[in-house]
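Please look over the sequence and the structure shown below, and then read the report that follows.

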Amino acid sequence: MQDLNNNELTTTNVKQQDVDIKFIVAKVLGNWYWYVVSLVLFAIVGVLLELFVSPHYTVTGRVLVAGYNAQGKSITGTDESTVLSQLGNMFSVPNSVNNEMEIIHSRTLVERTVRDLQLNVTYWGQGPIRYDETYKASPFFIKELSLKNITDPIEYDVRVVDGGNKVHFEDEDSDSSFTLSFGDTIHTWYGSWVLERNPDVTEKNPKHALGMIINSYAATIYNYMENITAATTNEYVNIIDLSIGGITPEKNEDILKHLIGLYIQSDIEDHNRVADSTIAFIDSRLIGVSEDLSTVDKNIESFKKTNKLTDLTNDANELLQTSTTVNQSMADKQVQYRVVDDLEKYLEDEHNNTRVMPTTAPIQDPAFVQTLDKYNSLELQRQTYLQTSTEENPNVKSLDIQLSQLRGDLLSMMRTYKKGLNTEQSDLESRNAQMQGSIQKVPTQQRIFLDFTRRQNVLEGLYTYLLQTREQTAISKTNSIMPIRVIDEPIRAPLPYFPNIIIIVIGIIFLTLLVPSVWIFMRELLNRRVITTDDINNFTNVPVVAGISHTKGKQRLIAKDSNTEIAEQFRTLRTNLNFLIPDANEKVIMTTSSMGGEGKSFIAMNLAYVLALSGKRTVLMEMDLRKPKISSALHIDNVNGFSDYIVSDMKTKDLVKQTNLDPNLYIINSGTIPPNPAELLTREKVAQLFAQLRNEFDYIVIDSPAVGLVADSLLLGKYADMVLYVVRQRITFKKQINIVQGLANERKFKRLDVIFNDIKSLPGYGYGYGYQHGSGYYSTDRRPFFKRIFSKRSTI
């Protein structure tokens, strides 16, 4: 058995550390009070958030726009809108949803909203716990007349005084104050404003503190541009979702409503500009065509009077019917040619380069229609840029280049179309020439009359076309069905997004579990000391033969008839010795450790005591010559001890002293502390002493110095049959277990075992060595809870 034990210890086997779920649960349960403290602290933080932080609500609204979505598909608002758009030949430019999102979120519209609603001025009132923005509940408000570009907000503490007839303003930053009556105008260094009463507030003389903050327009506009979001949730639809968050949901609802109203009005103005340009062009052409038609009518009247014509002959009627179709076709082509020619001249005129192109062209080619729509869209975009910038703006110059290219494309298309008309006109004229041969047979008056009639038909067709187009344009301008429709009016969410009670509760639970767990396991991760037997087994193959529980009191020696847990553990160790060292000649047991304070003297003293209680003659040797502790612990005078014996002629009978604890327990004191303990242990007299003690006693228990500090234990080890290496929980460093393995590998001792000392149990985990705390079998500490929490362990 001894050989097998030594062979097992010839190599170091550091075991891989697996995750011990039981240990983790034990650590959590053992530190339950930290979780309770965390729960209380985070619950207090949550309550403070709920009480002192103003709730923030999200306000959302939805708008449907007509135009092209992200997939390039055209979507209109309603059936009525589609009918009117077809009736007006689609004079409005189609919208792109991405463009519309930028427009509705543009600085221009946000700035108009801020200025119209005077959002740079906020009003505050003191509630039971905190200050909140009162918005429309303020008993007063101001009307700004002028405001300079201030850098820092102007803050006033406000009080309503004089029975609610006056308002007192105090600026703590500038240490200035003033009192105004309602209707008064004040001129300050940052601007001027008029104080007005809020007619919607019934409480005219509030007693609570009020406040007012005046901010710059630039800062306010920037804040709202950052806070307002416009997005589409689906790329297949033309719906824009608008949202804004803040502590005043009623105010944010008004902001989004006003912003949507400005956006709709802006879109209407864009459509009306196109319609106005078309109507102006048609009006100018109607005047010219009307004059030409009047001239033709007068010429016909004069011709009939001169030639005394009242009716056409039957032959003329037959010929006229035959030529009517040809003449009508020629008239249509001439009308189209005149319209295209006028539009070409309009487009070639440099004065019209900055104006929207009229959409009266009879050209139905899709490429021409798309190019014309794009030209008008860019022209409107250029006019929008010029409202806030100059023609030197890079964006404007870029648009000018695109417009110039599109203008060239339109001219090219119209000229090509005119060539086609000329070709068709030539064909018609050829047919008309054939008809002229027949007409020559008719009287000259009749032929001249036909020429007048043809010209009259052309002018009447052109006049009718222009008049119809003008009415269609007017209808599209005045129709009340807009391509933009509000799907959902802006409304606030039912619950605040911050602080949200659900999120707060979840956060409290999460942080209550997280923070103590992180602290516990970070402490465990950074822990360098031995906690469980696994920490020992991970660094050495030397077996742990016993575990000694933590001593809650200050008693260093177990009572004779004690049935406490620690007393039973020493009795168990005594029983195990019969199996660990069964040979009757193996009777010398030595205790050592890595450093002082690990309880080796405590183990030696109690082990010797329980051996003596079993009827075995036992001698306890206090061999820690540098720092002896056993004599003082047993209240024995440390005289005539081992060091005195080695250097003198003292007899063994004078060295070995019987204790008053038990007749079978003897002690050899350390004696006078020598200057050279190691040299004393090398003398021949030491071997003689051990030989004599082996003959006289059943067990010899040696309390030796810490092997990790001095070499005394190694000198004494040759006399020991068994060495008990004491490892103390939360005291011994993990790296010091390497000393145990090193001693085993080098076979410094005949037999080496480990005793795990001062073990404190973990709830649900026990002591880590087969002992479960609180089983009810042993007597336990019945002190009050708080005394047991703050009690200090005994150290020898």
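Strand β5 (residues 121–126) is joined to β6 by antiparallel pairing over three bridges, where strands are DSSP runs of E with at least two residues, helices are runs of H or I with at least four, both numbered from the N terminus, and two strands pair if DSSP finds at least two bridges between them. Within this pairing, W124 has E133 of β6 as its bridge partner. The model is predicted, with local features needing pLDDT of at least 70 and side-chain atom pairs counting only at pLDDT 80 or more, while totals for chains, interfaces and linings use all residues. Residues are numbered from 1 along each chain as its sequence is written, and side-chain values use heavy atoms, leaving out hydrogens and water.

Both strands belong to an open sheet of six strands, ordered β6-β5-β13-β8-β9-β10 with antiparallel pairing. Its edge strands, each pairing on one side only, are listed here.

| Edge strand | Residues |
|---|---|
| β6 | 131–133 |
| β10 | 176–181 |

Elsewhere, helix α3 (residues 32–52) and helix α13 (residues 501–526) have axes that come within 9 Å and cross at roughly 150°, the axes being lines fitted to C-alpha atoms over the stretch in contact, with angles from 0 to 180 degrees between N-to-C directions.
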